[in-house]
Every structure is written in structure tokens, then in C-alpha cells.
Amino acid sequence: QLPGGLRGLFQEPSYLKSLVTESMVLRPETDVRVLTQPSVPWHTTLTGLALSNMYYWSTNQVIVQRVLGAESLAQGQKGVLFAASMKVMGFVFLCLPGLIGLLLVRMDAKIDGAPFRVQKADEVYPELVKAVMPTWALGSFSAVLLGSVLSTFNSALNSAATLFGLEFYKTFINREASDQRVVHVATAFGAACALLSFVIAPQLAHVGGIFKFLQHVNTVVSLPILTVFCVGILSTVPDAFAAKVGLVVAVLSGVLGQLIPNLHYLHVFFVAFVAAVLSMLVATYVPILRRCCRQAPHATPYVRADGGVALVDMTLWSNAPCVVACIVCLLALLVTSLQAGRLWLLCFFGALWVMSTMLLMCLPSRSSRRRAARKADTRAQPKEEEGAASNGVHSEPGADLPRLMGRTSGPPGADAKTGAAAAAMATT
């Protein structure tokens, strides 16, 4: 247990500050902490760190597929904002365990008579769990932790198999493949990825820190995807040729940028992103380059074949701007409390976060415009029924069902009757 409880965290206010240019960093070769630049300086939040998080939360199939399952745009927006409010409290389980471990090491704390020691950053959390939990509960905790890891692992495998089956196999390898064939191929691909991960995972034990290593890898892997995604969202003019140019430039600039000394890899991410976006613009709007690459002089803007008809309700959530402003204010209050090292301010933030999250959960996900339209339809329906009854017109059961996916639902046999009537009129 940390001496002083939560107040013990504020005995060293310098450890809580996030907006710093220097901090006490552990040197693995000497096992001594020295004052130097932190692994993730605060100014990277304005460049590569923001882009890296944008890739994960906006383009990662594991995350996006949850949002795409919403039945309306308003519900999807509410779900994303709820996840953002949860993310604000992420520092509790992402940052505080490391801070507690650092304080225990500096205090020469003893756990079961042995001094608390941490050799690598990845060992802080498991060492803290062993220190604070009774021995009989370690198995249950390990089962819970393993379950959450497997859930994320299964989501990643499912997303990878889906992308390979639909975007690669069905598109480039076998366009005539049946749905059952695509499912079999995607399942085999997912199994192969799982086996490959069993081989790669033990090799990560030799890296200095798994998180830092994965961030370096994401710099190269996520950069081309994020570049094409952002340009495609902002403009419909760039074509496939411009996207391919952006992919190549993003990969090359990301790899070559790692070779520049004294340049943080997240700044490399940002510079490579800007270079890739500029290359896509050049490949789109410079006719000479396009002719040299045997492309049309001017790119043809993309137009949806279905005319852009939405299959779900695309009404914006009316409460979204207020919720976004609330989350930004909470984040600013959190950073201020940690930067100032004030416990009462952090407790005030926690109380506001609980109240705002509860309020967010209680807010209706349907927009006010949609609710008004439903009320108007509800009021108009009895009048229509009264008018039809007065004229002697009786509607068949199911004739007033909503129109879904371009078809009008009706009673059994309605389509057959309509088709027979149309055929009779054509014959006449």
C-alpha cells in the first residue's frame, strides 16, 4: 500500500506533470533514473500523437465496426462520445500504476519482506498486482485479465479475416467466389494470423518496452492508411492513382524518417503525413505527372452509384456539440489538476466526470427533429384513418408498415397481387 494513500501521489508533484520537456527516465543499462527528455514529450500531442490516435479511433476496423453497427447516426455519435468520456479516465489505469510503482521504488518499500523492484516498464503492473492482491485471488484476476486480452485478440482476428476475405480475396483473387467460399478462406487466414502471432509474441520479450515498440511499428503501418482515409473524407477528387502515390510516399518517408537522429518518431509521423498528403494533391492536380504515368490528365470525382441514398437515419445528434464541449472541459480540468499537483482539484474533476457521464447515459439518442417528426406522424395517423373510414376505404393489415431498404412491407401475398395486377394491365 502506498504510504499516505492518494495523498502520497501528490508528495512528488513533478511526477504528475504532463506538460514537461524533461523528466526522470530510467536507463536500463545502468538501472538509474536521469533527468532527460521523456519517451513521449508533450509537444508530440500536437503532431504525431494526435494522428496516431486518430488512426486507432477513426480507421481501425476493430473500433469502427462497433460504430457501423449503430441503427442511426445519432446513436453512433452518442456511442463514440461515451467512449471518449471513458477514455478521459484512462490515466487511472494507464498512468497511475506506473507512478505508484516509481514511488514505491524510491521509498524502498518492502512487499512481504522483499524490496519492491521493477526491471522493465512492462513489469510495473503485474508487480503491483502481486503486491496488493492476496495470493488466493491472483488466479481469478489472471482469468479476468486473460479474458479481456482474448476479447481484443479475437476482435482483431475477426477484423483481419473480414478485410482479407472481402477486400483482397473477393476483389483481387477470386471475384466469382461464393459467400461460403469467402468465409472459408477468411477463416483460414484468421487461423494463420493466430499461429503467426504465437511465433512473434515471444520475440517481443527482447524489446525495451512493448508499448514504445508498437508505436514505432504503427508509425510505418498506420501512416499510409490514415493518409488515404483523411484525404478521401475531405475530398472526392483524388482517384486510385493518387491514393497509390500517397501510400508509397507515406511508407518511404516513414521508414527514412526513422533514420534521422534526434528527431522523435511521432514528429516523423507528422512530417511523413504532410509529405504523403502533398504527394496525393500533386498526383491529383498536376496533369503533366499524370500523363507521364499514363493516367488521365484530370481525375474524375467519385460519385456513388446509388446517388448517396442513406440506408439509416442520418440526422445528427442534437446534443453532440454540448457533450463534446463538456468532454474538452473535463480534459482541460484534468490536465490542470495534474500540472498544478492539487488533490482537491483532481477530486473535483472526478465528481464532475461522474455526473457528466451519468447525464450522458440518460440523454436520449434520438434527435429532436426525429422525435418531432414521429409526434407529427402519430397525430396525423388517426386523422387519416378517420378520413379513410368516412370515405368507406379500409386499408389492409400491414399496408401502413414503414418503407425499408427501398421496399414497402405489406401483408403476405401483397407483392404477388401487385405483380399480377401489373401483368394484367400490361397484357391489356
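This is a predicted model: local features need pLDDT of at least 70, side-chain atom pairs count only at pLDDT 80 or more; totals for chains, interfaces and linings use all residues.
The largest nonpolar core has 27 residues. Those with the most contacts inside this core are Phe91, Leu99, Trp317, Leu334, Leu346 and Phe349. Several helices contribute to it: H1 (13-16), H4 (73-88), H6 (96-106), H14 (320-340) and H15 (343-362) each supply at least two residues. Helix H14 gives the largest share, with seven residues. A second, separate core contains 13 residues, including Tyr55, Leu226, Val231 and Ala276.

Ser155 is found in helix H8, which covers residues 138-173. Its relative accessible area is 11%, so Ser155 counts as buried, the cut-off being under 20%. The side chain of Ser155 reaches the backbone oxygen of Ser151 at 3.0 Å. Leaving aside residues up to four places away in sequence, Ser155 also touches Val62, Gln65 and Arg66.

Most residues other than glycine have a negative phi. Asn262, however, has a positive phi of about 60 degrees although it is not a glycine, and a positive phi of about 60 degrees is also found at Arg294, again not a glycine. Asn262 sits in the loop between helix H11 (240-257) and helix H12 (265-285), while Arg294 lies in the loop between helix H13 (287-292) and H14. With a relative accessible area of 85%, Asn262 is exposed; Arg294 is exposed too, at 80%.

Notes
Residues are numbered from 1 along each chain as its sequence is written. Side-chain values use heavy atoms; hydrogens and water are left out. A nonpolar core is a set of buried Ala, Val, Leu, Ile, Met, Phe, Trp, Tyr and Cys residues joined through side-chain atoms within 4.5 Å. Buried means under 20% relative accessible area, exposed over 50%, partly exposed in between (1.4 Å probe, protein chains only). Helices (H or I, at least four residues) and strands (E, at least two) are DSSP runs, numbered from the N terminus. A polar contact is a pair of N or O atoms within 3.5 Å; within protein, one must be able to donate a hydrogen and the other to accept it, and residues adjacent in sequence count only if both atoms are side-chain atoms. Contact means heavy atoms within 4.5 Å.
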